[in-house]
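Please read the points below with the model open beside you.

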Amino acid sequence: MEYIVLCLLGVFFTITGIITYRGNIMYIHWYNRWKVSKEDIPVFAKVMGIGIMIMGVCIALTAILQMFFEREVFWWITVIGVVAGLICLIYGLMKYNKGIL
């Protein structure tokens, strides 16, 4: 039961990633999207959405596995997922927003 909040956080990130992937970049803070050109918005949304979805799925998967098995090794799924998601997010910001800030 203690992993329910973590699972809900993962589901929230996954849903936010799907919404972003479909082209709605309003969940991304304004200073992380203000330099993105109009023609790059669909590609930027896909890259950012994939990054958010990777993090959300890995967090939710870790929470579900921890509910049943209680193994420390499952936390590596979250670590790897968050790192991979952050790489996607940083790539999208560097390429389409011309920098992180």
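1. Basis of the note. This is a predicted model, in which local features need pLDDT of at least 70 and side-chain atom pairs count only at pLDDT 80 or more, while totals for chains, interfaces and linings use all residues. Residues are numbered from 1 along each chain as its sequence is written, and side-chain values use heavy atoms, with hydrogens and water left out.

2. Helix α1 covers residues 4-21, and its 18 residues reach 25 Å from the first C-alpha to the last, close to the expected 26 Å. Helices here are DSSP runs of H or I with at least four residues, numbered from the N terminus, and the expected span is 1.5 Å times one less than the number of residues. After α1 comes G23, which has a positive phi near 115°.

3. The buried side of this helix. Within α1, the residues C7, G10, T14, T16, G17 and T20 are buried, where buried means under 20% relative accessible area, exposed over 50% and partly exposed in between, with a 1.4 Å probe and protein chains only. These buried residues of α1 pack against α2 (41-69), contact being heavy atoms within 4.5 Å.

4. I4 lies in helix α1 and counts as partly exposed because its relative accessibility is 35%. I15 is also found in α1, and its relative accessible area of 46% makes it partly exposed. The C-alpha atoms of I15 and W30 are separated by 20 Å, although the two are 15 residues apart along the chain.

5. A nonpolar surface patch. M1, I4, L8, I64, M67, F68 and F69 form a nonpolar patch on the surface, with about 780 Å² of accessible area together. The elements giving two or more residues to this patch are α1 and α2, and α2 gives the most, with 4 residues. Such a patch joins nonpolar side chains (Val, Leu, Ile, Met, Phe, Trp, Tyr) within 5 Å, from residues with over 30% relative accessible area and no salt bridge, a salt bridge being a side-chain nitrogen of Lys or Arg within 4 Å of a carboxyl oxygen of Asp or Glu. Accessible areas come from the Shrake-Rupley method with a 1.4 Å probe.

6. The largest nonpolar core. This core has 12 residues in all, among them I25, F44, M55, L93 and Y96. α2 and α3 (75-96) each supply at least two of its residues, and α2 gives the most, with 6. A nonpolar core is a set of buried Ala, Val, Leu, Ile, Met, Phe, Trp, Tyr and Cys residues joined through side-chain atoms within 4.5 Å.

Terms used:
Patches are made of residues with over 30% relative accessible area and no salt bridge: like charges are joined within 9 Å, nonpolar side chains (Val, Leu, Ile, Met, Phe, Trp, Tyr) within 5 Å.
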